[in-house]
Structures are given as structure tokens and as C-alpha cells.
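I opened my notebook to go through this structure one piece at a time. Here is what I looked up, in the order I got to it.

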Amino acid sequence: LRIAVVGHANTGKTSLLQTLLRRRDFGTVSPTGGTTRSVTAGEILDEEEVLAIILDTPGLEDSINLRNMIESSRTDRREDPRSLLDRFLASPAARDSNELAMEASSLEAAMNADVLLYAIDARDEPQPRHLDELAVLGMTARPLIPLLNFTARPEADADAWRDACARQGLHATVSFDAIVFDDAGEARLLDAIRTLAPARDDAIDAWRRLRRSERTNALAGAREV
């Protein structure tokens, strides 16, 4: 099971991975956007068996320019979006020395994933750049789950984001606060992943068993203390 965490810079993508992986040493979390500069992989392990690979990706910092660049290669209005994206990724604009190189690396990671988690800072208002991000990610032809982060903060507006996502045809949003963690939130997230990646049921079931076992052991250890 390969999951790519994608989205704008500074939406809590790395914090999300730290929580899912149960690793506070994974990546670097900073209030400054653009900390993640390359694709980094973390693993969910059960007795040394890899159940899932989760990819932390650079933020889509210039989504408006990115979408315009991709769309500019269109020669036929009926041309499918994936073909446009493939053309962009094969162009000089997507190379290491270009200003859109980090966005290109994020999109390449997304295209090789089973499911995309689109991290949203629910404290922000939906903006045109977010719509461009969703449009570009839709070109990957990969299943996408909008993930509402920081929902426990008083200034968060999850309803506004659910409405904005629904207007883009994305109705299966999931609230998962990477900072204020709860087991039910992770269960909802795994349910959503299972729906969009049915071929990976075995990995998701093993992931659930792993977390139940960890929780049981933690509670038993707490009682002994």
C-alpha cells in the first residue's frame, strides 16, 4: 500500500506522517513553509514486514503557475488531463533546475501511489490556489481524500472546506488532526483508504491489527505501573 501525502506548503503534511508512523523523528516540522524539499518515504512495519509506505512530498507552492503551465500544452479540448500532466513532467519545466521542479516531484510521487491524502489546514479559508491544487492532483488519475487537519483549533472551519471540496466533486472528506490525535480519527481515515484502494485490503487490515495490539499493550503497561 503506497500513500502520498500532498498539498500546499505548511499544512501539516510532515506532522501527519509523524502521527501515522508513530515517529516524531521523521522529517522536520517548522512553522516556516517549504521545509520539505524532496520526497521522503516512511514505513508502517509489523514484525519487520512492510504494511504500507507513506510518502511525504514537497508543498505545491505555486499551484496557479503549475496549472497554467500544464494546461498551456493543450492542443485539443478533448485531450484527457493525464496526457497533459505526462507532457508537463517530460518537459524542461519539470527538471531540477526549474522553479516548478519540486511540484513536479510531488506529482510524480502521487502518480505512483495507490491513494493521495490532500492535507488541508482547516484554519485557512479556501482560496483559488487550493482549487488549482485539486485540479492538478485530479490529473494524476489517482484516488484522492481531502484530509482536514488542525480541526481542533477554534478558528478552523471544517464545514467551509467540506463545501469547497464537494464543489470539486470530492465528497469523502476526513477529519484527522495530526496534533490532537484520536484513535477514531485514524479508523475513519483507514476506512476511507480502504474504500478507494480495495485491492489493498490485506495491508489495511494488518495496519488495524497492529494499532489495536499497540494500544492493548500500552494500556496493559499503564496498569502495571
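Predicted model: local features only at pLDDT ≥ 70, side-chain atom pairs only at ≥ 80, totals over all residues.

**Entry 1**

Which residues make the contact between H2 and H5? From H2 I listed Ser-63, Ile-64, Leu-66, Arg-67 and Ile-70, and from H5 I listed Arg-129, Leu-131, Asp-132, Glu-133, Ala-135 and Val-136. Sorted by class, this contact of H2 with H5 has 6 nonpolar, 1 polar and 4 charged residues.

**Entry 1: the sheet**

Next I traced the strands. I found 6 strands in an open sheet with mixed pairing, and the order is E2-E3-E1-E4-E5-E6. Strand E2 (40-46) and strand E6 (174-175) are the edge strands; each has a single partner strand, so one side of each has no neighbour in the sheet.

Then I looked at the pairs. Strand E1 (residues 2-6) and strand E4 (residues 115-121) pair in the parallel sense, over 4 bridges. I noted that Val-6 stands opposite Tyr-118 in E4. E4 also runs parallel to E5, and 6 bridges join those two. There, Ile-120 stands opposite Leu-148 in E5.

**Entry 2: what lies on the sheet**

Which strands does H5 lie across? I wrote down E1, E4 and E5, with H5 running at about 175 degrees to E4.

How much of E5 is covered? I counted 6 of its 6 residues as buried. Both faces are covered: Leu-144, Pro-146 and Leu-148 are buried on one side, and Ile-145, Leu-147 and Asn-149 are buried on the other.

**Entry 3: buried helix residues**

Helix H4 (residues 101-111) was my next stop. It is mostly covered, with 9 of its 11 residues buried. Among the buried ones I noted Met-102, Glu-103, Ser-106, Leu-107 and Met-111. The cover over the buried residues of H4 includes E1, E3, H2, helix H3 (81-89), E4 and H5.

**Entry 4: Arg-82**

I picked out Arg-82, which lies in helix H3.

**Entry 5: another helix pair**

I moved on to helix H7 (residues 183-196) and helix H8 (residues 201-224). Their axes come within 10 Å and cross at roughly 170 degrees. That makes H7 roughly antiparallel to H8.

For the contact, H7 brings Asp-183, Glu-186, Ala-187, Leu-190, Asp-191, Ile-193 and Arg-194. On the H8 side I listed Asp-201, Ile-204, Asp-205, Trp-207, Arg-208, Arg-211 and Arg-215. By class, the contact of H7 with H8 has 5 nonpolar, no polar and 9 charged residues.

**Entry 6: two positive phi angles**

Last, I looked at the backbone. Asn-10 has a phi near 65 degrees, which is a positive value in a residue other than glycine. I found Asn-10 in the loop between E1 and H1. At 39% relative accessibility, Asn-10 counts as partly exposed.

Phe-150 also has a positive phi, near 60 degrees, and is likewise a residue other than glycine. Where does Phe-150 sit? I found Phe-150 in the loop between E5 and H6. Phe-150 is buried, with a relative accessible area of 9%.

Methods
Residues numbered from 1 in each chain as written. Heavy atoms only, no water. Contact = heavy atoms within 4.5 Å. Nonpolar A, V, L, I, M, F, W, Y, C, P; charged D, E, K, R; others polar. Pairing = 2+ DSSP bridges. Axes fitted to C-alpha atoms, helices over the stretch in contact; angles between N-to-C directions. Buried < 20%, exposed > 50% of the residue type's maximum accessible area, 1.4 Å probe, protein only. Parallel < 35°, antiparallel > 145°, perpendicular 65-115°, else oblique.
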